[in-house]
Amino acid sequence: MSKQKITEEDALAFHLEPTPGKFEISATVPMTTQRDLSLAYSPGVAVPCLAIAENPELAYDYTNKGNLVAVISNGTAVLGLGNLGALGSKPVMEGKAVLFKRFADVNSIDIELDTEDPDAFCNAVRLMGPTFGGINLEDIKAPECFIIEQRLKEEMDIPVFHDDQHGTAVICAAGLINALHISGKKIEDVKIVLNGAGAAGIACIELLKAMGARHENCIVCDTKGVIYQGRTEGMNQWKSAHAVTTELRTLEEAMQGADVFLGVSVKGAVTQEMVQSMGDNPVIFAMANPDPEITPEDAHEVRVDAIVATGRSDYPNQVNNVLGFPYLFRGALDIHARAINDEMKIACAHALAQLAREDVPDEVALAYGKNLTFGRDYIIPTPFDPRLIYRIPPAVAKAGMDTGVARRPIIDMDAYELSLKTRMDPTASILRGINARARAAQARMIFAEGDDPRVLRAAVMYQRGGLGKALVVGRSNDVKEKLEAAGLGDAFRELEVVNAANTQHLSLYKDFLYERLQRKGMDRTDVHRLATRDRHVFASLMLAHGHGDGLVTGATRKSAHALELINHVFDADAAHGAAGVTALLHKGRIVLIADTLVHEWPNEEDLANIAERAAAVARHLGLEPRVAFVSFSTFGYPVSERAEKMHIAPSVLEARGVDFEFEGEMTVDVALNAKSAEQYPFSRLTGPANILVVPARHSASISVKLMQEMAGATVIGPILSGVDKSIQICSTVATANDILNMAVLASCKVG
C-alpha cells in the first residue's frame with residue numbers, strides 16, 4: 001500500500017481554503033423573522049436567563065453548555081515542536097476541536113492563553129467555567145501541566161482533562177489489558193518499565209497502578225536513569241511519587257527480565273539487546289512520536305514473541321488518543337458530570353479492550369484494506385471503527401453514575417445507546433472506505449484537462465496522496481508553467497504529461513475512432529482533428545485502449561458537452577443503459593438522485609434501468625439500496641399522465657425480480673420522512689429511501705442545484721454508471737478537492 005506524501009503547500013492550502021481555519025459557527029435555530037430574533041435575543045431570552053439564575057442546572061437544558069468543550073493551551077509543548085507560544089498552537093487546537101466533532105459530535109471551541117504562569121492560566125480557565133460542559137487541556141509542558149490540572153480539578157465543577165496525560169494513558173491501558181490477556185499474564189504480577197517521566201508517562205503509570213499494577217513492580221526512568229528512592233538529581237514531587245527501592249540505575253539494567261516496556265521518550269531509546277533481555281512474551285509500547293523508541297521490525301527481529309504497539313498509523317496497534325478523549329467527554333457530558341475520574345478512564349480502557357476482541361465489521365476491514373482479527377497485531381481498535389461512538393460513552397457514563405459524579409444519570413441505557421448510533425454522520429465512514437479502496441487499487445488516472453490549475457492540483461494530490469499514478473493530458477510547457485504559478489513546480493517531474501504529439505499510439509487511436517465514426521458523417525480529416533485537438537476525445541481513446549485505468553473530465557466543459565465528446569469513443573448513452581447518479585451529502589444523510597446526466601425524458605423501462613444503475617452505485621458506496629420513484633403524486637393520487645410512468649416503473653422492476661427495495665410513485669417527503677411514510681403502511685420500503693429516481697433530467701438538475709445552493713449540501717457527481725470503463729464527469733465549478741473525489745470514485749470503479 002502506497003504511503004501518503006503531504007507537502008507544505010498541501011498543508012497550507014488545506015488551512016487556507018475555502019476559508020481560513022478549520023471550523024465555523026452555525027445557528028441551530030431559525031434567525032429569519034422578527035419573531036425569531038425576539039425569541040433568540042431580547043425580550044424572549046430573558047425567560048431562560050431568569051430560569052437559569054434560579055436553577056443553574058437548567059443551563060444544560062436551555063444553552064449549549066451540555067455539549068460544549070473548551071480546548072485550551074498555552075502552546076508550551078506543541079506536538080513534537082516544543083514551545084511555539086499560544087498563537088503558534090492555534091492550528092493544533094482548532095484541529096482538536098474538529099476531532100471532537102468528527103468522532104463524537106461534541107461541539108468544541110479552541111482557546112489559546114498567552115501566559116506561562118500557572119496561576120494566571122488557572123484563573124483564566126476557572127473564570128470561563130460557566131460557559132462549558134468540560135475543559136480539555138492540551139500541549140502544556142511538564143511539570144506545569146500537573147499543577148494546572150490538579151488545581152483546576154479542585155476549583156471547577158466540570159470535567160477537566162489533560163489529554164496529553166490521560167488520553168495516552170487510557171489507550172495504553174486498553175492495549176495492555178489485551179496484550180497481557182494474549183500473553184497469559186496478570187497486571188499485578190508483571191514487571192513494568194516506563195521510560196519518560198513527563199506528563200504522559202506519569203499518567204500512564206498512575207493509571208496502571210490504579211488498575212492493579214504493584215508500585216514495587218514499576219520502574220520509572222528518565223534521561224538520568226532509574227528514579228530510585230534517595231535520588232536527588234532532576235527530581236520533582238511527581239517523579240518522587242514513583243521512586244522505588246532498587247539497585248537498578250540504568251534503563252538497560254531495568255529492562256532485564258521486564259514483562260512490559262512503556263516508552264514516551266525519544267527515538268532509539270531502546271536497543272535490540274534490551275528487548276532480547278526482557279521476559280517471555282514481552283509487551284513493548286514504543287509510543288515516542290514521530291519515531292518510536294524501537295521499530296516493530298527491529299523488536300521482532302530479536303523477539304518473535306514480542307507484542308509491539310507504537311504511536312504511528314503505519315504500524316499495527318496504534319496508540320491513538322482519538323480512541324479516547326472524544327468518547328470520554330461524550331459520556332461525561334451526557335451525564336452532566338462534575339469530573340472525569342479514574343473509574344471512568346478505566347471503564348473506557350476496558351470497553352476499548354473488549355471491542356478489539358470482537359469480530360471487526362466489514363466496513364472497517366474495507367477501509368483498512370485488510371481483515372483485522374484479535375491477536376498480537378490487533379490489540380487496540382482502529383480509530384474509524386463505527387462501534388466506538390455507541391460502545392465507549394455508555395461505559396464511561398455508567399462508571400460516572402456509579403461513582404457519584406453524574407448530575408443527571410441516564411435512566412434508559414438502551415435508548416442512550418440508540419441515540420448515539422443515530423447522531424454520527426455515516427458519510428464520513430463511506431468516504432473513508434472509498435479512499436481506502438482507491439489506495440489499494442493504485443489506478444492510473446487520466447486527468448483530461450491538464451490546462452486547468454484545479455485539475456493539476458487534483459492530479460498532484462491524487463499522486464502524492466498515494467492513490468496511484470496521475471496521467472495529465474496537456475502540453476508540457478503549459479503544465480509546467482501552471483504548476484509553478486500554483487506553487488507546485490516541483491510536482492512537474494512527478495506527473496506524466498501525455499498528448500497527441502508525444503504518444504506512440506496516435507495511429508492506433510485514429511484507426512479505432514474512424515471505425516466508430518465513419519458512418520456518422522466523419523472522414524479521416526475529421527477524425528484526425530478530433531483525436532489530436534480535443535482533450536476529452538484523446539483521453540477517452542487512452543482509456544479505451546487500456547493506457548489508463550480511469551478518466552476524470554468535465555471541469556472546463558459543461559457535463560452534457562463532455563458526455564457528447566466521450567460518446568465518440570464509448571457507448572455512454574441512454575440507448576446503451578448508461579445513467580448519471582448524483583450523491584447528495586447533507587446533515588449526516590446521503591441520498592442518491594438519478595438520472596442527472598444521460599436520460600432527457602426516460603420512459604418506464606428507462607426508469608427501471610436508472611434504478612438498477614443507482615442501486616449498483618449505492619452498493620459500491622456501502623449502502624443497502626432503497627429506491628423511491630418520486631413525483632408530485634403518491635400512489636396514484638392526484639392522477640396525471642405526467643406521473644403515470646412513475647406509477648408503472650415499480651411494476652417493471654417487480655417483473656425483473658431485482659434484489660433491492662423499491663416503491664412508488666410518491667412525493668419526496670413520503671420517500672425521505674419516516675413520519676410521512678407512516679400514513680402508507682403497505683409501502684415496501686423498510687426505512688427512508690436513499691435513492692430518488694426522478695421523472696426527467698431537468699427535475700434532477702433542479703433538485704441537486706437547489707439542495708447545493710439553498711441547503712449547502714455536498715454534491716458528489718454525477719457519477720456515470722453503466723459504461724464499460726471507469727469515467728467520471730465533474731462540474732465546471734468543481735474545486736480541486738471535488739475533482740480529486742471524482743478521481744477516487746473512478747479509481748474504485750463506482751458506477
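User: I am new to this structure. Which residue follows α15, and what is its phi?

Analyst: Welcome! α15 is followed by H336, with a positive phi near 50 degrees. Keep in mind that this is a predicted model. H336 is not a glycine, although its phi is positive. It sits in the loop between α15 and α16 (342-357).

User: Is H336 buried or exposed?

Analyst: The general idea is to look at relative accessible area, where under 20% is buried and over 50% is exposed. H336 has 9%, so it counts as buried.

User: How many residues of helix α15 itself are buried?

Analyst: Helix α15 covers residues 325-334, and nine of its ten residues are buried. Among them are F325, Y327, R330 and L333.

User: Where does D105 lie, and what is its phi?

Analyst: D105 is in the loop between α6 (90-104) and β2 (107-112). Its phi is positive, near 55 degrees, and D105 is not a glycine. At 16% relative accessibility, D105 is buried.

User: Let me turn to the backbone. Which residues does a cis peptide bond join?

Analyst: Omega is the angle to read here. A142 and P143 are joined by a cis peptide bond with omega about 5 degrees. P143 belongs to the loop between β3 (134-137) and α8 (144-155). Another cis peptide bond links A594 to D595, with omega about 0 degrees. D595 is in the loop between β16 (589-594) and α27 (604-620).

User: How many disulfides does a search of the whole structure find?

Analyst: To count as a disulfide, two cysteine sulfur atoms must be within 2.5 Å. The search of the whole structure finds zero. Take C748 as a case: the closest cysteine sulfur, in C730, is 17 Å from its own, so the two are too far apart for a bond. C748 is buried, at 10% relative accessibility, while C49 is partly exposed at 46%.

User: Now for the whole protein. How many helices and strands does the secondary structure come to?

Analyst: There are 32 helices and 21 strands. The radius of gyration is 30 Å, close to the 27 Å that the globule rule gives for 751 residues, so the protein is as compact as a globular protein of that length. The C-alpha trace spans about 95 × 65 × 50 Å along its principal axes. Buried residues make up 52% of the 751.

User: How many positive and negative side chains does the protein have?

Analyst: It has 74 positive and 96 negative side chains, and the centres of the two sets are 3 Å apart. As for the accessible surface, it comes to about 33,400 Å², with 52% belonging to carbon and sulfur atoms.

Notes:
Residues are numbered from 1 along each chain as its sequence is written. This is a predicted model: local features need pLDDT of at least 70, side-chain atom pairs count only at pLDDT 80 or more; totals for chains, interfaces and linings use all residues. Side-chain values use heavy atoms; hydrogens and water are left out. Buried means under 20% relative accessible area, exposed over 50%, partly exposed in between (1.4 Å probe, protein chains only). Helices (H or I, at least four residues) and strands (E, at least two) are DSSP runs, numbered from the N terminus. The radius of gyration is taken over C-alpha atoms; the globule rule is 2.2 Å times the number of residues to the power 0.38. Accessible areas come from the Shrake-Rupley method with a 1.4 Å probe; for residues, only the protein chains shown count as cover. Lys and Arg count as positive and Asp and Glu as negative; His and the chain ends are not counted. The place of a charge is taken as NZ of Lys, CZ of Arg, CG of Asp or CD of Glu.
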